[in-house]
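Me: I would like to learn how to read a structure feature by feature. Where do we begin?

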Amino acid sequence: MSSTRNPARVAGFWYLLLILIGPLRLIYIPTKLFVHGDAAATVNNIAAHEWLFRVGIVSDLACAVILVLLGMALYRLFSGVDQNLAILMVIFGAIMPALINFVGVVSDAAALMVVRGGDFLSAFDKPHQNALAVLFLKLRDEQNTAAEVLWGIWLLPLAALVHKSRFLPRFLAVWLTLGGIAYLTLSLTGELVPQYQSTVFAYSQPAFFGEIAFMLWLVIRGARPPAVGERPLALTPDG
């Protein structure tokens, strides 16, 4: 079935790109370059691997664009199921997270500016410059913690759409709902009791894989929403 007749595969393609590119700045670069509790080592690593850090900035810009394209592809897939839920999905899952990505890029650019030094930054000694660079990086972390609210909320209307659609299996709806609740819990933990955030993240891992399962279903199996007036067929006995 072509992508024109199977819009789920278009959405799955954008979702796949997002999952492949997103971890670069979110996971790989912090693990590779940032040294917890050592501002000087972090700044030296960024200076030594400036190109990698810049690639991370570009990857975030790409993810912002992909988020919008993914939102529109999912809207095309689900708008006939429930337009109001589909609009909520696009707002919370595409538009608002994309804007936060652009804001996060500004924080990273500011950190890189401090790492490179020069100009007015000569008014600060080196330890102060290191602390300022790490401050911008920590600000970016706080933006990610806040964004986890959106990462969770958007999965709830998406799960409802999957459940109501009848052209996708309902176990995905349950898994996406659990993922949404897990993200919300993780964000609230980070804001209220951040010392427990790592523990919550570790226990939430299985719930987060729901998005990967959803993406793989879209890419491999696809789905075609029924035409107007056509009765949707359930994929499973409980679908």
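**Cores, helices and charges**

Reply: Start with the largest nonpolar core, which has 42 residues. A nonpolar core is a set of buried Ala, Val, Leu, Ile, Met, Phe, Trp, Tyr and Cys residues joined through side-chain atoms within 4.5 Å. Buried means under 20% relative accessible area, exposed over 50%, and partly exposed in between (1.4 Å probe, protein chains only). Leu74, Phe78, Met89, Leu158, Val162, Leu168 and Phe214 have the most contacts inside this core. The model is predicted: local features need pLDDT of at least 70, side-chain atom pairs count only at pLDDT 80 or more, and totals for chains, interfaces and linings use all residues. Residues are numbered from 1 along each chain as its sequence is written, and side-chain values use heavy atoms, with hydrogens and water left out.

Me: Which helices each supply at least two residues of this core?

Reply: Helices (H or I, at least four residues) and strands (E, at least two) are DSSP runs, numbered from the N terminus. Here the suppliers are α1 (7-21), α4 (50-78), α5 (83-116), α7 (155-165), α8 (170-192) and α9 (197-220). The most comes from α4, with nine residues.

Me: Which residues does Leu158 touch?

Reply: Contact means heavy atoms within 4.5 Å. Leaving aside residues up to four places away in sequence, Leu158 touches Phe78, Met89, Leu176 and Phe214.

Me: How many residues does the second core have?

Reply: It has 16, and it is separate. Among them are Leu33, Ile46, Ile57 and Leu112.

Me: Now the fold as a whole. How many helices and strands does the chain have?

Reply: Nine helices and zero strands. Read from the N terminus, the order is α-α-α-α-α-α-α-α-α. The C-alpha trace spans about 70 × 35 × 25 Å along its principal axes.

Me: What share of the chain counts as buried?

Reply: Of its 239 residues, 43%. Take contacts between residues at least 6 apart in sequence: 75% of them join residues at least 24 apart.

Me: How do I read the surface?

Reply: Accessible areas come from the Shrake-Rupley method with a 1.4 Å probe; for residues, only the protein chains shown count as cover. The chain exposes about 12,500 Å². Carbon and sulfur atoms supply 68% of that area.

Me: How many positive and negative side chains are there?

Reply: Lys and Arg count as positive and Asp and Glu as negative; His and the chain ends are not counted. The place of a charge is taken as NZ of Lys, CZ of Arg, CG of Asp or CD of Glu. The chain has 16 positive and 14 negative side chains. The centres of the two sets lie 14 Å apart.

Me: How many salt bridges does a search of the whole structure find?

Reply: Side chains of opposite charge can pair when their charged atoms come close. The cut-off for a salt bridge is a side-chain nitrogen of Lys or Arg within 4 Å of a carboxyl oxygen of Asp or Glu. The search finds six. In one of them, Arg54 pairs with Glu50, with the closest N and O atoms 2.9 Å apart. These two are four residues apart in helix α4, so about one helical turn separates them. Arg54 counts as partly exposed because its relative accessibility is 37%.

Me: Which other residue meets Glu50 in a salt bridge?

Reply: Arg116, at 2.7 Å from N to O. Glu50 lies in helix α4 and Arg116 in helix α5, so the pair ties together parts 66 residues apart in sequence. Arg116 has 54% relative accessibility and therefore counts as exposed.

Me: Is the pair of Arg140 and Asp108 buried or exposed?

Reply: Arg140 and Asp108 are both buried. They form a salt bridge, the closest N and O atoms being 3.1 Å apart. Arg140 is in helix α6 (residues 126-153) and Asp108 in helix α5, 32 residues apart. Salt bridges that share partners join Arg25, Asp60, Asp108 and Arg140 into one network.

Me: Where is Leu121 found?

Reply: In the loop between α5 and α6. Leu121 counts as buried because its relative accessibility is 3%. Not counting residues up to four places away in sequence, Leu121 touches Met113, Val114, Gln129 and Leu132.

Me: What backbone angle stands out at Arg166?

Reply: Its phi is positive, about 70°, although Arg166 is not a glycine. Arg166 lies in the loop between α7 and α8. Its relative accessible area is 29%, so Arg166 is partly exposed.
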